[in-house]
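Subject: Handover of a structure, with notes

Dear colleague,

Please find below the structure that I am passing on to you.

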Amino acid sequence: MEKKKADEANGLQTISTSPAIPYSIFTTRQKALIIAIVSTAATFSAFASNIYFPAIPAIARDLSVTPELINLTVTSYMILQGLAPSIWGALADVHGRRLTYITTFIIFIGACVGLAETKHYYQLVILRCLQSTGSASTIAIGAGVVGDITTRAERGGYMGVFQAGLLAPLSVGPILGGIFSQTLGWRAIFWFLTIYSGAVLILLAVVLPETLRCKVGNGSVPAKGISNSLLAHIQRRRHPMTEEPALQRSVSTTSVGKQLSVDFLGPLKIIFSLEVTFVIIFLAIYYTVWQMTVAVMSTLFSTTYGMSEIQIGLTYIANGVACVAGTFTTGKFLDYDYERFKKSYEGPAESFPLERVRLRTLWLWAGMEIAASLVFGWTMEHHVHVSVPIICTFFLGWASTSIIGIITTFMVDIFPKKGASATAALNLVRCLMGAGGTASVLPTVNTIGIGWTFTLWSGIMLAPLGLIVVQMAKGRKWRQGRETMRNPRA
């Protein structure tokens, strides 16, 4: 019985003579709608970051500061991008997804209005931090929603769609940023974000249902107050709340109604859980190199090739297209690989080689990112035709987002009840490390050159490959140890 409950809690189907209780009452179309909404909401983290890059030279001129100081606003944004989800993720895992979404969007809108009226550098730094506090958590909350409504067998594909949507601004954002900066002025960037986020907030408030399983189970338990929505009301009329005996058998309602406490240290505890620690460090290092490249592109293309803001924005298209394509294909492959292994596996559920199934393609993406970083650095160093470094950003973006998709899916698999906190743990490490990388990249380039800077970081990326070896070899044992401690009678 304890084993069955553990399997159900992880989104695994169990054989029972009782009437089947769906893991989620939402239909495939409704799941697609929910994923589309949370994916759109998650665009603001990347939008607010990437729409800003082409305007860095213009903002530096307007505020009479150096590009290095404006790059520090990118660093401060990433620091809060790492810290904020640790708070919001913990709140979302206890008080619900909808309430947390609405609160973070109100903060984001207020910060955008302030940024549009900024006249001093210190205001820019403070308001960018506040903007990041509102936008960054949408990724962690969205990943929690994906975990709420999907099982392991389908999670990879849905996570791929979610990641593809949230990464679309990587190509669209810089183009819009370049256009706004060169035509209407860089302040128009933040007025655009204000209008866009206001429209999405209305969509969230009206349509998005509460999905947190400890509050609404599989969606059949009525939400109260601000946690209720029009879509959830319609769906519950079609699927009335399950009768109590069946409710007790349902995956979705084993903990419904229990008063949970907010664990703000939850993401930190997850970071230091051995079954995921090494993949988090691996992701953080590869993410850092990607963000360093994206952050420095506008300055390097401006100084090396003399490009305008609009031209700089266009150089980001390759990276953005690769990000969307990479998450789609990787997500579908994760579902295919999981099903293939599941069909051939005949052992007990607790011994299923999840680490091998989810992580075994990381070698391919790691090699691609290392090679792309090296070529990018040396082609920029020697002023090779601009098409070559742009092509490098395509492969760099594809590899980086594939790594993010794989490890995010793996994290939600390991911590299905704490999807938002698990993603927040990832954000905390990768964004803090990324912030350090983006702060150091221009000074390093100015000291040793573009080529040697990216050669140095390509060498650093080789070391974490050993962490994946350890994770795949020992991860299952560590994971089983944690589950044994949690369910001592299993």
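**The chain as a whole**

Please bear in mind that this is a predicted model. The secondary structure of the protein chain consists of 23 helices and 0 strands. The chain has 490 residues, and buried residues make up 59% of them. Among contacts between residues at least 6 apart in sequence, 83% join residues at least 24 apart. The accessible surface comes to about 18,900 Å², and carbon and sulfur atoms account for 67% of that surface.

**Cavities**

A search of the whole structure finds 3 cavities of 30 Å³ or more. The largest cavity has a volume of about 240 Å³. It is lined by 19 residues, of which Ile 139, Leu 166, Leu 167, Tyr 287 and Arg 430 are the closest to its centre. Five helices each supply at least two residues of this lining: H2 (28-50), H8 (152-167), H15 (274-305), H20 (387-414) and H21 (419-448). By class, the lining of the largest cavity has 9 nonpolar, 9 polar and 1 charged residues.

The second largest cavity holds about 40 Å³ of space. Its lining includes Gly 156, Met 159, Gly 160 and Gln 163, together with Thr 327, Thr 330, Gly 331 and Leu 334, and also Gly 405 and Thr 409. Helices H8, H17 (317-344) and H20 each contribute at least two residues to the lining of this second cavity. Its lining has 2 nonpolar, 8 polar and no charged residues.

**Helix H10 and its surroundings**

Helix H10 (residues 187-207) has 21 residues and reaches 31 Å from its first C-alpha to its last, close to the 30 Å expected at 1.5 Å a residue. Its buried residues are Ala 188, Ile 189, Phe 190, Leu 193, Thr 194, Ser 197, Val 200, Leu 201 and Leu 204. These buried residues pack against H2, H5 (97-116), H6 (121-135) and H9 (169-183).

Apart from neighbours within four places in sequence, Thr 133 is in contact with Leu 80, Ala 84 and Trp 88.

Buried residues of H19 include Leu 362, Trp 365, Ala 366, Glu 369, Ile 370 and Ser 373. Ser 458 is found in helix H22 (residues 450-462). This serine is buried, because its relative accessible area is 3%. Not counting residues up to four places away in sequence, Ser 458 touches Ile 370, Ser 373 and Leu 374.

**Residues in loops**

Most residues other than glycine have a negative phi. His 383 lies in the loop between H19 and H20, and it counts as exposed because its relative accessibility is 53%.

Ser 64 also has a positive phi, of about 60°, without being a glycine. Its place is in the loop between helix H3 (56-62) and helix H4 (67-95). With a relative accessible area of 64%, Ser 64 is exposed.

Is Gly 219 buried or exposed? Gly 219 is buried, with a relative accessible area of 7%. This glycine sits in the loop between helix H11 (213-216) and helix H12 (230-238). Its C-alpha atom is separated by 7.3 Å from that of Phe 26, and these two residues are 193 residues apart along the chain.

Yours sincerely,
A colleague

Note on methods: Residues are numbered from 1 along each chain as its sequence is written. This is a predicted model: local features need pLDDT of at least 70, side-chain atom pairs count only at pLDDT 80 or more; totals for chains, interfaces and linings use all residues. Side-chain values use heavy atoms; hydrogens and water are left out. On a 1 Å grid over the protein atoms alone, a cavity is a set of points where a 1.4 Å probe fits but cannot get out, and a pocket is an open set with protein on both sides within 12 Å along at least five of seven lines; lining residues have an atom within 4 Å of a point. Grid points are joined across faces, edges and corners, and a volume is the space filled by probe spheres set on the points. Helices (H or I, at least four residues) and strands (E, at least two) are DSSP runs, numbered from the N terminus. Ala, Val, Leu, Ile, Met, Phe, Trp, Tyr, Cys and Pro count as nonpolar, Asp, Glu, Lys and Arg as charged, and the others, Gly among them, as polar. Buried means under 20% relative accessible area, exposed over 50%, partly exposed in between (1.4 Å probe, protein chains only). Contact means heavy atoms within 4.5 Å. Accessible areas come from the Shrake-Rupley method with a 1.4 Å probe; for residues, only the protein chains shown count as cover. The expected span of a helix is 1.5 Å times one less than its number of residues.
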